[in-house]
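Hi everyone, thanks for coming. Let me put the structure up and then walk you through its sheets.

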Amino acid sequence: MSTSDSAKPRPGHGPLALTRRGLLATGALAALPFLGAARAAEPPKAKRRIKQSFAWGCYIRRGADPLQMIKTAAEIGFASIEMGPEQHWKAIQDAGMQVAIFGAGGGFVDPKNWDGAERGITGAIEKAQKYGIQRLLLLTGNRQGRSEAECLDNCSKFLPRVVKAAEQAKVRLCLELLNSKVNHKDYFLDRTPLGVEICKRVNSPAVGLLDDIYHMQIMEGDLIRTIRDNIQFIGHFHTGGNPGRNDMDDQQEIYYPAVMRAIADTPYDGYVGHEFGPKGQDIVAAMKRNFAVCDV
Amino acid sequence: MSEENHLSRRGALGAAAGAAAAAALSAGHAAEEKPPPTPLKGRIKHSVSKWCFGRLSVEELAKHCVRIGIKSIELVGPGDWPALKRYGLVCAMCPTHGIDPGLSRRENHTSCLASIRNMIEEAEKFGFPSVIALSGNRKGMADDEGLKNCVEGLKQVAGLAEEKKVTICLELLNSKVDHHDYMADHTAWGVEVCKRVGSPRVKLLYDIYHMQIMEGDVIRTIRQNIQYIGHFHTGGVPDRHEIDETQELYYPAIMRAIADAKYEGYVGQEFVPSRDPIASLEQAIRICDV
């Protein structure tokens, strides 16, 4: 309630746009100023300030023709299809896209898994190098009764084992932030400050975070401020509607265009990957719809 | 029209009309110059916090509220209530004590509870639904100790609230950006207070702006705790300006979740306009009219 904040006029909002007549003329009031672009059946030419990607399984279902879907994705304006089967990576690249990121295992919150994790990540770095892929997705594993301090220590002590190889290969290891409230009970890396703390301790450009906006909306909110404050630690983004983990549409609480504009306004040059269960039978329509939401 | 013209013109009208004419509702005023808006759907009862529109008088704001379809101007004291009555408005959230000192410390109970009791009596006379309560800051106190103290304090006024049919709403605020060290900064803590007090007249003021800053997961939290929520506030995140496409929350979906939960209280607009304040207020009501 009462703070004495006075109204601060913002630059870039000229008087013309402020008038009721102006709003009505642009249709902003009539249509509600939200999600106008998303509702357009055929979006205008893609702006591509955000390099959009999607998790293979988000739009490519069993029974679909992978090559046709890859072609369609490129036509819509996607810059990447991530985490799919290796057999299709060349086709993705031949279509002018990239594989933004793929999974490299993890579980290093438990020292018992360190040797296996090191082998897995080292192998993934080699594979990434072969394809010119610049990011790997790492999962910390579950707490299993460990304190937060112990988990932080374990992650920060393990990562130096693979950091050199990652730096040399110019591959960024992205630790994924997941929610432990709804989908991944007991997962350790469930809030941004924990991930930032690990990044600071390891202190390498080859270690960053995968900020999953859906998961972080469930755990902490304050999306735009958190992204702005920590963008140098973020190597990849995931998206999804909350609640429900479906489309980024008007049935959920995150206004993705504003979040995407905030990302585009930072120096971030990575990808934003769709990762959710789209509604409806028409997958291509879902691809177009959700692409338009993030194309700011 | 530009904001400057808008304000200065209204100022000129006000000066010409003079104090005696203020009560005459048919007198020319800016609100009537605008075309009549399309009717609201009515699933959300709209309110507005006066402090966000500080440059307008209560009368001026009331005229706009009548035109827009807002039913309440909140966080104004009894001195302004006769004016609200004249426009058929209520004060959906009546002010009591400040943010700090608050109810989480026993030594504050005498003064805080006195202001809550007094405002419950006043609200009942006017038929207004709710009064505010606040936890105050931690100042090193553990959350569970503050919780016990809050419960102890609220139990002392719950009976009066029940008798007068006025709901006491403990406000949840963010302690990360605006109100450093404020104790009631998470829904779970507030819900625990309500459960322990155990009165249908002691609930929470769930401020969507503040809770998005502190915890996110807005719709799920509202659905799971709707029986403990007596009032809502809005605001754009991160900057507490308009609740439109310039910020990260999609308010129509949140409002649908509130309406679908059979919530019967008010939703108070509490953002700091960065543009023409009345155009922004009207836009906010349209956004929340689901």
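Before we start, strands are DSSP runs of E with at least two residues, helices are runs of H or I with at least four residues, and both are numbered from the N terminus. Two strands count as paired if DSSP finds at least two bridges between them. This is a predicted model, where local features need pLDDT of at least 70 and side-chain atom pairs pLDDT 80 or more, while totals for chains, interfaces and linings use all residues. Residues are numbered from 1 along each chain as its sequence is written, with chains lettered from A and ligands numbered from 1 in the order written.

Chain A has an open sheet of 8 strands, ordered 2-1-8-7-6-5-4-3, with parallel pairing. Strand 2 (80-82) and strand 3 (102-106) of chain A each have a single partner strand, so one side of each lacks a neighbour in the sheet. Inside that order, strand 4 (135-139) and strand 5 (172-176) of chain A run parallel, joined by 4 bridges; Leu136(A) has Leu173(A) as its bridge partner there.

Now the helices. Helix 11 (192-202) of chain A packs on the sheet, touching strand 5 and strand 6 (207-212), and makes about 170° with strand 6 of chain A. Here contact means C-beta atoms, placed from the backbone, within 7 Å, and angles run from 0 to 180 degrees between N-to-C directions of axes fitted to C-alpha atoms, for helices over the stretch in contact.

On to chain B: 7 strands form an open, parallel sheet in the order 2-1-7-6-5-4-3. Its edge strands are strand 2 (72-74) and strand 3 (130-133) of chain B.

Definitions and conventions: Two residues are in contact if their C-beta atoms, placed from the backbone, lie within 7 Å.
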